[in-house]
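Please consult the sequence and the coordinates alongside the text.

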Amino acid sequence: HIVILGAGFGGLKAALTIEKGLKSEGLLDRYQVVLVDRNSYHTYTPALYEVATSSHEAANNLDVKSIVAFPLSELTAHTSVLVVAGKVRTLDLAEGDVHLQNGEKIQYEYVVLALGSETNDFGIPGVDEHAIGLRTFTDALRIRDKVIEVIEEKQNEKINIVISGGGSTGVEFAGELQTWLMAMRDKGKKCNAWVSIVEGGPQILGPFPPKIVAKAVKRFRDLGVELITSEMITEVRKHDIQLKSGRSLPFDVCVWAAGVKAPSVLGTMPLQNERGRLQVERMMQCLPETPDLKIYGKIYAVGDNICFYDLATKKPIPGVARAAISQGKVVAMNILEDIRYHEKLSPNIAHTVYQPMHYPYILPIGGKWAIAKLGPIVLTGFWAWVLKELVELNYMFSIMSPLRALRAWVKGLWVVIKNEKAG
């Protein structure tokens, strides 16, 4: 059994790549790929902000789910991958068993930890009770419903929507939300709602180059989004946020996009970690807590579950989708290499090393407008947004049939356009 825990970007890539490799070697009768996830679908998280900012007139819950949540049964329909729905309770590393919360037990020879992340509240009181995260499809629906509910209730009264965190998630959501609210006003709807971003650092998009930050700040200035920087949140109360400076910031809706952390279940495992994230060597294999610790099989980890330092910059690599996909592929290639050697299909083992890189990125900031950085080239505006759409289509082609991918992509475009018209 090759067990993949988590069907996010890295986990799904690992599962599909391993299965394809086993099939090409004629080994599917001897090896089983098992994909475990708490949900029955794979979430395309980069588009969650679109779900959270779509009107009911533009798309109902089923419509928006179909463009960001792809059923695992469909993605694995023409493969031998066994999909198991369940939440991981713990791993017995000595015996080689995965224990699920429903009591089910799955034995493994190889296991890949790709469990994603959890919202990081940094121990700030009131976050769980009064703020809404933006990590899952359910979160996006909660935000959408809450914003619409407040607008319908207050109408002409001023509505404050506060986003905590000026990273890429907060920036993308803020831009799209403000554009959506502006479209409502342009259509003559009563909507006196305004968006603010609260960022603890001196600027939004802290790790990004100054040129990118400047373009994002200008975009927000044009949209009318308020940027509150160098302000640390000390408490989230029912209707306001307390800042370290003593300022009180009222809100009707608070969206928490201040950061994520590794799942707490990883901290229960006797593996080396740094601030909850697992340390891996360059082949993406986990390291035991002590050298004498006996571990059954081989354990790998990818994505938000790991702390991996770029040897060039000496900094942890960013937890972005592109990195997780690359790591998932590296893990798959190394597992397949072991299997080929064990099955005497290869005279030696040549493991693949993960090489971090400066991945191209695109930041959509409201409507058909984005910032794209491709090496030294920076694009802004409509054509950068077009590039974002093509990147999404390319990813869909990589995980589903061309026809299914095209349908999902076109439907996503249809929802965006219809949303703009509905306001």
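The sections below describe a predicted model.

## The second largest pocket

The second largest pocket holds about 260 Å³ of space. Its lining consists of 16 residues, and K146, K238, H239, F251 and D252 are those nearest the centre of the pocket. By class, the lining residues comprise 8 charged, 6 nonpolar and 2 polar.

Three elements, α5 (127-130), α6 (137-154) and β18 (253-256), each contribute at least two residues to this lining. The largest share comes from α6, which supplies 6 residues.

L379 belongs to strand β26 (residues 377-381). L379 counts as partly exposed because its relative accessibility is 34%, which lies between the limits of 20% for buried and 50% for exposed.

## Salt bridges across the chain

Side chains of opposite charge can pair when their charged atoms come close. The model contains 14 salt bridges. In one of them, R30 pairs with E343, with 2.9 Å between the closest N and O atoms. The two partners are 313 residues apart: R30 sits in the loop between α1 (9-24) and β2 (33-37), and E343 in the loop between α9 (321-342) and β24 (361-364). R30 is exposed, with a relative accessible area of 54%, whereas E343 is buried at 18%.

A salt bridge also joins the side chains of E226 and R247, at 3.8 Å from N to O. E226 lies in strand β14 (residues 226-229) and R247 in the loop between β16 (240-243) and β17 (248-250), 21 residues apart. Both are partly exposed: E226 has a relative accessible area of 38%, and R247 one of 35%.

The side chains of E50 and K388 form a salt bridge with an N to O distance of 3.3 Å. This pair links helix α2 (residues 48-52), which holds E50, with helix α10 (residues 382-399), which holds K388; the two residues are 338 residues apart. E50 counts as buried because its relative accessible area is 14%, under the 20% limit. K388 is likewise buried, at 6%.

Technical notes: Residues numbered from 1 in each chain as written. Predicted model: local features only at pLDDT ≥ 70, side-chain atom pairs only at ≥ 80, totals over all residues. Heavy atoms only, no water. 1 Å grid on protein atoms, 1.4 Å probe; cavity = no way out; pocket = protein on both sides within 12 Å on 5 of 7 lines; lining within 4 Å. Points joined across faces, edges and corners; volume = space filled by probe spheres on them. Helix = DSSP H or I, 4+ residues; strand = E, 2+ residues; numbered from the N terminus. Nonpolar A, V, L, I, M, F, W, Y, C, P; charged D, E, K, R; others polar. Buried < 20%, exposed > 50% of the residue type's maximum accessible area, 1.4 Å probe, protein only. Salt bridge = Lys/Arg side-chain N within 4 Å of Asp/Glu carboxyl O.
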